[in-house]
Amino acid sequence: MATQTLTFLLTDIEGSTVLLQRLGEAYAQVLADHHQLIRAGLAAHGGEEIDTQGDAFLAVFTSPSACAAAAIEMQRAFLSHPWPAGQAVRVRMGIHSGEAAETAAGLVGLGLHRAARIAAVAHGGQIVVSAATAALLRDSLPDGASLKDLGLHRLKDLGRPEQLFQLEAEGLPTAFPPLRSPDNPKLLNNLPAQVSSFIGRDAELAEVHRLVSTFRLVTLTGAGGVGKSRLGLQAAAGLLDGSADGVWFSDLAPLQDPALVVVTVAGVLGIHENRGVPLADTIVEAIGRRSLLVLLDNCEHVIGACAKLADALLRNCPNVRLLATSREPLGIDGEHVHRVPSMTTPADGDDVDAIGKSEAVRLFADRAAQHGVQLAWEELTAPVIGRICRRLDGIPLAIELAAARLAVMPVTELDARLDQRFAILTGGSRVGLPRQQTLLAMVDWSWELLNGAERQVLARLSVFAGGFGLAAAEAVAAGPDVLATEVLGHVGALVDKSLVQFDDTPAGPGRYRLLETVRQYAAGQLDALGPAAGAAHRDYYLALAEAAAPQLVAADQVAWLDRLDAELGNLRAAIAFSLTQADPEPGLRLAASLGTPPKAPMRCGRSWTRRPPRPRRCRAPGPWSRRPASWRRRMVT
């Protein structure tokens with residue numbers, strides 16, 4: 001990998017989401033004009049466009065002076081351009097000079113991250129320059145340009161403070177609010193410094209910013225380890241602009257007593273208790289009409305106290321906005337729930353370039369580098385890295401724990417051992433909470449927050465292979481202590497608590513699924529309940545297969561093929577379960593109804609779950625020979 005020193009230019013439109021909402025379809029023309037003006041500036045000054053995401057541009061220059069001249073020209077062009085509806089378009093820019101290496105995944109280097117963080121603290125219309133670039137520009141500034149010292153600023157994810165400068169030139173505005181750096185004394189906040197880089201999540205950040213500007217209470221929910229807290233902190237830092245009474249972080253994770261929620265929030269806001277007055281009332285009175293954002297982090301284990309305080313603040317403090325993180329919603333009026341998804345993972349079969357660009361793989365590579373391991377981006381290893389990230393469901397905590405293991409094993413061995421993920425994914429930060437130090441502890445924490453019925457339902461749902469519908473869940477999850485009519489309520493609670501995922505599809509009924517890490521954990525809890533869930537699962541899919549058999553040669557053949565295709569994993573799992581039982585007859589009936597012959601049933605049943613049936617050896621008594629070849633391929637691939 002050839003390393004070279006370059007000057008990076010990062011740009012994006014300030015308030016692009018609000019602009020999109022305001023302009024509607026006209027925003028497409030704004031974006032097109034914006035792109036044209038950026039590219040014209042790059043072409044005029046020898047800049048190379050490296051990446052574009054939405055309204056954000058990354059470009060590199062071999063000359064710092066050329067980069068500065070391009071940025072000035074672009075800002076002048078934005079000011080003079082006739083935008084639709086007279087709407088001003090303000091673009092913020094960050095410039096930094098540093099080293100980067102060309103890899104299969106593109107340019108890699110801390111300099112790119114630093115340039116992005118510099119742009120993030122700037123305001124629309126402002127050009128902010130690092131000390132490294134400023135030093136190179138001392139004797140080569142474009143004509144009429146100058147640098148204004150903005151002082152030292154801590155940038156998100158980067159340890160040491162950065163001396164920043166404002167690039168000024170004739171015709172450009174020079175007065176801007178304080179930089180959005182978390183430690184700027186003009187920006188009231190108590191946000192903790194982050195010691196590791198924030199990877200990806202650009203779309204999520206933009207969406208959270210939009211939601212907070214629209215709703216007064218936004219709750220980020222999601223599975224344990226999915227990155228709710230980090231996303232919340234990153235979003236909160238991006239909302240610092242010096243225009244209000246600050247952004248305040250309340251860390252509720254260490255609390256054991258729900259009564260300490262109001263004490264913690266009061267301490268963060270500098271509010272003292274008045275004797276004889278409930279502390280929540282004191283908080284409400286002290287805030288009054290002040291305009292501030294409060295981040296309530298890790299609410300799930302003190303959810304009732306958080307809900308009560310949030311409700312009081314929303315009803316009595318009209319200018320307060322709340323951003324909460326929790327594994328389940330607060331469940332109060334005015335709440336907007338945003339489910340934080342896992343990081344994007346590469347698809348099976350993606351090429352090396354696509355694998356390297358996925359969020360999960362980028363995080364894996366970054367955290368591996370922190371442990372002194374540089375990943376080899378080769379045709380053989382890149383797919384293994386992508387598979388590891390997929391098998392870990394794109395969950396950041398799991399990916400970080402897996403990356404740490406590369407210090408003692410290669411990626412191929414890590415991939416081979418992921419079936420024992422709870423044993424090997426340990427060794428999180430020694431200063432983190434116990435539940436954040438191992439994958440097992442993370443899931444244990446979620447399990448302990450469930451009531452007895454929810455635990456039973458989740459354990460029974462672990463028998464599903466892939467997705468499942470509500471009727472299947474009711475048939476399988478019901479038991480001696482849970483009525484079939486109660487299953488929906490418990491499944492809904494598990495969805496709220498981010499242990500079951502719900503995928504709503506416009507083309508058909510919604511489907512539920514478990515992340516693989518949750519499924520493996522819940523399957524371990526199922527042993528105490530015996531084989532009843534497996535038998536119920538088998539019986540449900542036996543009934544489905546026998547109902548489908550005559551339809552596969554009837555007028556509704558396509559619809560039934562689609563339905564069975566969606567249940568392929570479950571059909572295979574039901575047969576596999578049957579073959580482990582003393583009486584395999586139900587599984588043989590299931591296989592036969594789908595075309596597996598009754599002769600040599602054990603062999604043919606297994607062949608159905610692993611490879612295409614061979615008609616010359618095994619002929620089904622049913623209408624298999626008349627079923628489409630495409631169905632046979634679906635059943636075995």
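A residue counts as buried when its relative accessible area is under 20%. The chain holds 27 helices and 15 strands. Take the contacts between residues at least 6 apart in sequence: 72% of them join residues at least 24 apart.

Let's start with confidence. The mean pLDDT of the protein chain is 86, and 89% of its residues reach 70 or more. Strand β9 (residues 217-221) has the highest confidence, at a mean of 97, while helix α26 (residues 601-610) has the lowest, at 40. Residues 596-637 have a pLDDT below 50, although this stretch still makes 68 contacts in the model beyond near neighbours in sequence. Where pLDDT is low, the predicted coordinates should not be read in detail.

**An enclosed helix**

Is helix α7 enclosed or open to the outside? Nine of the eleven residues of α7 (residues 228-238) are buried, so this helix is largely enclosed by the rest of the structure. If you want to find them on screen, the buried residues are K228, R230, L231, G232, L233, Q234, A235, A236 and A237.

Two packed helices are described by the angle between their axes and the distance between the axes.

| Helix pair | Axis distance | Crossing angle |
|---|---|---|
| α18 (residues 452-461) and α21 (residues 516-526) | 7 Å | about 110 degrees |
| α19 (residues 470-477) and α20 (residues 484-496) | within 8 Å | roughly 115 degrees |
| α22 (residues 532-548) and α25 (residues 585-593) | within 9 Å | roughly 30 degrees |

For α18 and α21, the axes pack at an angle of about 110 degrees. Angles of 65 to 115 degrees count as roughly perpendicular, so α18 is roughly perpendicular to α21. In this pair, L458, A459 and R460 of α18 meet V518, A522, Q525 and L526 of α21.

The axes of α19 and α20 cross at roughly 115 degrees, which makes α19 roughly perpendicular to α20. Their crossing is right-handed. On the α19 side the contact is made by L470, A473, E474 and A477, and on the α20 side by A484, V487 and L488.

For α22 and α25, the axes cross at roughly 30 degrees. Angles under 35 degrees count as roughly parallel, and α22 and α25 are therefore roughly parallel to each other. This crossing is left-handed. The residues in contact are R538, Y541, L542, A545 and E546 from α22, together with P586, G587, R589, L590 and S593 from α25.

**Two residues up close**

H153 sits in strand β7 (residues 146-153). Is H153 buried or exposed? Its relative accessibility is 5%, so H153 counts as buried. A polar atom of the H153 side chain lies 2.8 Å from the backbone oxygen of L150.

P318, by contrast, belongs to the loop between α10 (303-316) and β12 (320-325). With a relative accessible area of 39%, P318 is partly exposed. Which residues does P318 touch, not counting those up to four places away in sequence? They are R216, G288 and R289. R216 is 102 residues from P318 along the chain, yet the C-alpha atoms of the two are separated by 8.9 Å.

Methods:
Residues numbered from 1 in each chain as written. Predicted model: local features only at pLDDT ≥ 70, side-chain atom pairs only at ≥ 80, totals over all residues. Heavy atoms only, no water. Buried < 20%, exposed > 50% of the residue type's maximum accessible area, 1.4 Å probe, protein only. Helix = DSSP H or I, 4+ residues; strand = E, 2+ residues; numbered from the N terminus. pLDDT = per-residue confidence, 0-100. Contact = heavy atoms within 4.5 Å. Polar contact = N/O pair within 3.5 Å; in protein donor to acceptor, adjacent residues only side chain to side chain. Axes fitted to C-alpha atoms, helices over the stretch in contact; angles between N-to-C directions. Parallel < 35°, antiparallel > 145°, perpendicular 65-115°, else oblique. Left-handed = near helix turned anticlockwise from the far one by under 90°.
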